[in-house]
Amino acid sequence: MTFIYIFPGSIGMDKEKTNPDITKEEKSAEDIALILSNPPHIKGGQTIKSIMWLVVLALVPATVNSILIYGLKAAIVILTAVISAVLAELVYQLIMKKPIAVGDGSAALTGLLLAMNIPPDAPFWVAGIGSIFSVIIVKQLFGGLGYNIFNPALAGRAFLMASWPVYMTTKWHRFTDTNVLSEGVANIGRIPQNAFDAITSATPLGALREAPKILSDLSASPQSLYDLIFSPHMYKTLLWGNIGGCIGETSALLLLLGALFLFYKRIITWHIPLSFIGTVAAFMLFYYSVKDVPGSNFINYFTLKMSLFHVLSGGIILGAFFMATDMVTSPVTHRGMIIFGIGCGLITSVIRIWGGYPEGVSYSILLMNAVVPLIDRYTKPRVFGTSLID
Amino acid sequence: MSFRGGIHPPEMKDLTKDKEFSNLPVPHTCYIPMQQHIGKPAKPVVEVGDTILEGQLIGATDGFISSNVHSSVPGKVIEIGTYPTVYTPLGQCVVIEAEGSFSNYALPEKAENWDTLEKDELLNRIREAGIVGLGGAAFPTSVKLTPPGTKPIDTLILNGSECEPYITVDDMLMKTFPRHILEGVLITLKILEIDKAYIGIEKNKPGAIAALKQEITALNLNSTIEVKALKTKYPQGAEKQLIKSIMNKEVPSRGLPMDIGAVIQNVSTIYAIREAVLYRKPLFDRYITVTGSIVKNPGNYKVRIGTRISDILADIGGLTEDPAKIIMGGPMCGTSIDSIDVPIVKGTNGVLFLSAKEVNMEPYKPCIRCGRCVAACPAGLIPCELGNAVEMDRFDLVKEFQPFDCIMCGSCSFVCPSRRPLSHFIKVAQQVSRSRK
């Protein structure tokens with residue numbers, strides 16, 4: 001939308017001084033192009049490119065921490081996912097003769113986010129296929145960046161869950177030395193090896209789901225499970241990440257550090273993460289208040305701790321700050337963002353408690369992605385000078 | 001108290017904010033456009049070859065919404081022809097070559113006591129002097145000061161917010177001539193037959209706030225005129241947003257300030273009103289900011305209407321580098337021009353030179369729905385959706401998004417990370433919707 005007009009130069013400046021190559025005769029013949037456009041004539045600092053790469057940067061601490069905990073295999077999964085995503089985008093844009101936009105970082109970010117949602121022991125090619133699916137099917141076939149309906153990384157993860165459920169739900173890291181679950185479960189007492197493995201190799205949420213049944217089969221007290229969950233060691237572990245889970249979701253603290261950076265850079269706003277996490281916290285608070293569990297009462301110390309456990313474990317921190325906030329697939333208005341976040345929180349809680357999976361963050365975001373156009377339609381801001389009623 | 005949305009562009013006022021006014025030399029030739037205001041162009045009343053005086057009427061008002069145009073220099077009319085102007089690629093201009101002697105407008109001893117003048121006489125002097133809104137809109141001031149009887153006015157707001165980046169002329173006027181500006185406010189209050197005025201100034205101009213407050217106390221006007229220090233946020237100086245910040249009232253959608261009893265005048269306009277009333281001085285010169293990082297001597301200058309930009313550049317020492325864009329006004333709302341020979345008009349508050357580095361030349365990209373334009377829009381619109389509809393030629397969808405409530409502040413385009421020219425799209429939406437009605 002810029003129009004360039006050329007007109008003979010007479011610019012009131014001393015040309016010879018600034019450009020000694022121009023002689024007097026040439027100067028009069030030289031043309032100066034002035035750009036015409038509608039205002040504004042200046043632009044703010046952030047671009048798609050800077051936003052995408054800053055989000056990648058915000059994920060670096062958590063990524064490095066995961067590689068330190070899970071080792072080389074996690075690094076291979078991450079690299080495979082990122083490289084496949086970038087190459088898939090590049091090849092697609094070359095074949096379809098579209099402008100090459102790989103440098104904007106959105107493909108790399110999709111690959112990284114997908115890798116963070118894959119168990120560390122999953123084979124690396126799973127990550128590669130997932131990335132290609134995310135970039136080609138979920139993003140490019142819908143029209144490319146800006147036109148996709150679903151979060152590419154999460155849709156890629158859903159595709160992998162459907163295609164290779166065993167890799168995606170059991171390939172958790174096997175800690176050779178002890179971690180909080182193995183210590184805690186050992187303290188419970190005599191447990192057969194297979195039951196011990198079933199609990200300790202799972203994620204904290206998996207343990208929460210499976211352990212009561214195993215414990216009752218062994219006629220052990222269910223209280224011991226809650227003792228484990230409430231141990232200070234457990235919270236420390238959830239914050240630092242020395243526990244089973246997807247590659248990226250282990251250290252709540254480092255993810256929060258990255259999220260703070262994104263707040264500081266004004267890339268994300270509080271609306272989605274806070275309403276998402278707040279809804280899960282409130283839901284769990286009331287659920288455990290009503291549920292018949294030893295020690296629970298209406299909003300007491302027990303229910304507060306269960307609520308905190310739910311917020312810090314699984315993919316909520318990663319999902320709420322880095323995935324649900326994906327600009328393309330979330331509402332454009334602040335009111336819409338809050339509704340979106342509450343919806344994500346409700347669906348996550350329902351899946352965690354009554355669903356078939358121990359964790360529901362990714363499906364909750366995908367389901368809410370689908371209703372974004374509807375949310376946008378009903379959360380238009382009030383136009384200045386119109387009454388609040390219409 | 002403030003308004004919804006808004007942005008914080010780099011202020012860039014340090015280039016000129018402490019530069020005191022200086023007079024630029026009288027140009028050898030003045031190119032005075034007949035269209036310097038909203039409404040019908042003035043009709044030339046001189047002929048080629050006429051010898052005229054400084055301040056002589058050369059274009060007469062033609063219709064209710066129109067304005068007189070006066071000569072900026074004494075001299076000879078050498079041509080009445082079409083030249084590039086800021087509003088049209090080619091507009092009718094009276095070209096005057098300076099010669100002869102200058103009369104003495106604006107000398108203090110000629111000041112008249114305006115207190116004894118009737119309201120109609122005051123208005124008449126403003127109309128005769130060809131005063132228009134000098135903030136940029138250039139709406140004839142005498143028309144604005146005579147609202148229809150069905151719209152009772154109770155508040156005058158002096159707009160000293162100057163939220164445009166780079167421009168510092170109103171700031172310097174308030175710091176240099178606080179007493180003159182208060183006098184202009186009193187004259188305007190008398191015309192409107194009201195007794196309450198607010199002066200809205202952004203907090204980034206502490207000098208102007210202090211100077212006006214001090215004068216108000218010195219003149220014992222505390223009960224009449226109140227200075228309101230406003231949050232530094234663009235577009236604080238947009239009429240509707242300024243009223244919201246000061247009176248906490250919203251001008252109805254697609255209405256005017258007078259619908260809620262307010263009249264807004266810009267600082268430069270008030271200054272010109274005083275000169276017109278006290279000295280019967282026609283509006284033939286004004287203060288402007290000439291600025292930009294590539295200007296050798298940026299500053300606040302007094303120039304005669306009709307001075308070409310090329311003459312100004314020659315007088316102030318030129319540029320250090322070729323400009324990529326020349327803008328009449330500020331970078332957010334100003335008009336880009338395609339010729340260095342465009343003359344200064346009444347509504348020009350500044351001339352800004354941007355280098356190629358400072359001009360965005362990237363092609364725009366698809367909307368990524370980040371919602372920043374929605375958060376920034378002071379009018380409560382959804383600029384991204386409007387932009388998408390225009391881009392896809394879906395003008396049937398446009399109406400739902402109320403493009404006519406857009407105030408053209410450009411905040412949406414400024415914040416867009418995809419560099420989408422959103423306010424341009426909205427302007428297209430308005431034009432197409434109008435033409436299809």
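Colleague: In this predicted model, how many residues of domain 2 of chain A are in contact with domain 3 of chain A?
Modeller: The domain assignment of chain A gives domain 1 (3-36), domain 2 (48-170) and domain 3 (268-390). Taken over C-alpha atoms, the centres of domain 2 and domain 3 of chain A are separated by 24 Å. Domain 3 of chain A brings 12 residues to the contact, and the number from domain 2 of chain A is 16.

Colleague: Which element gives the most to the side of domain 2 of chain A that touches domain 3 of chain A?
Modeller: Two or more residues of that side come from each of α3, α5 (106-116) and α7 (152-163) of chain A. The element that gives the most, with 5 residues, is α7(A).

Colleague: How many residues on that side of domain 2 of chain A are nonpolar?
Modeller: The side of domain 2 of chain A that touches domain 3 of chain A has 4 polar residues and 1 charged residue. In the nonpolar class, the number is 11.

Colleague: What covers the buried residues of α19(A)?
Modeller: Helix α19 (residues 361-370) of chain A is mostly covered, with 7 of its 10 residues buried. Among these buried residues are A:Val361, A:Ile365 and A:Leu366. The cover includes α7, α17 (316-323), α18 (334-354) and α20 (372-378) of chain A.

Colleague: From which element does the largest share of the side of chain A that touches chain B come?
Modeller: The contact between the chains takes 41 residues from chain A and 60 residues from chain B. On the side of chain A, β1 (3-8), β2 (31-36) and α3 (48-70) each supply at least two residues. By class, this side has 22 nonpolar, 15 polar and 4 charged residues. Its largest share, 4 residues, comes from β2(A).

Colleague: Which element supplies the largest share of the largest nonpolar core?
Modeller: This core has 231 residues, of which A:Leu112, A:Ala115 and B:Leu386 touch the most other members. Leaving aside neighbours within four places in sequence, A:Leu112 is in contact with A:Val56, A:Leu59, A:Ile78, A:Ala81 and A:Val82. The largest share of the core, 9 residues, comes from α3(A).

Colleague: How many residues does domain 2 of chain B give to the contact with domain 1 of chain B?
Modeller: In chain B, the domain assignment gives domain 1 (111-279) and domain 2 (372-436). The centres of these domains, taken over C-alpha atoms, are separated by 30 Å. Domain 1 of chain B gives 7 residues to the contact, of which 3 are nonpolar, 2 polar and 2 charged. From domain 2 of chain B, the number is 6.

Colleague: Against which strands do the buried residues of α6(B) pack?
Modeller: Helix α6 (residues 239-247) of chain B is largely enclosed by the rest of the structure, because 8 of its 9 residues are buried. The buried residues include B:Leu242, B:Ile243 and B:Ile246, together with B:Lys240 and B:Lys244. They pack against β9 (155-159), β10 (197-202), β11 (225-230) and β12 (262-266) of chain B.

Colleague: Which residue just after α6(B) takes a positive phi?
Modeller: Among the buried residues of α6(B) is B:Met247. Just after this helix, a positive phi of about 55° is taken by B:Asn248.

Colleague: Which strands of the open sheet in chain B stand at the edges?
Modeller: The sheet has 4 strands in the order β2-β8-β7-β4, and the pairing is antiparallel. A strand with a single partner has one side left without a neighbour in the sheet, and so the edges are held by β2 and β4 (51-52) of chain B.

Colleague: What is the bridge partner of B:Cys30 in β8(B)?
Modeller: Strand β2 (residues 29-33) of chain B has 4 of its 5 residues buried, so it is largely enclosed by the rest of the structure. β2(B) pairs in the antiparallel sense with strand β8 (residues 91-98) of chain B over 5 bridges. The partner of B:Cys30 is B:Ile96.

Colleague: Which residue of β7(B) stands opposite B:Ile52?
Modeller: β4(B) pairs in the antiparallel sense with strand β7 (residues 75-83) of chain B over 2 bridges. Opposite B:Ile52 stands B:Gly75.

Technical notes. Residues are numbered from 1 along each chain as its sequence is written. Chains are lettered from A and ligands numbered from 1 in the order in which they are written. This is a predicted model: local features need pLDDT of at least 70, side-chain atom pairs count only at pLDDT 80 or more; totals for chains, interfaces and linings use all residues. Ala, Val, Leu, Ile, Met, Phe, Trp, Tyr, Cys and Pro count as nonpolar, Asp, Glu, Lys and Arg as charged, and the others, Gly among them, as polar. Domain bounds come from an automatic or database domain assignment. A nonpolar core is a set of buried Ala, Val, Leu, Ile, Met, Phe, Trp, Tyr and Cys residues joined through C-beta atoms within 7 Å. A residue is buried if 20 or more other C-beta atoms lie within 10 Å of its own, exposed if 12 or fewer, and partly exposed in between; C-beta atoms are placed from the backbone. Two strands pair if DSSP finds at least two bridges between them.
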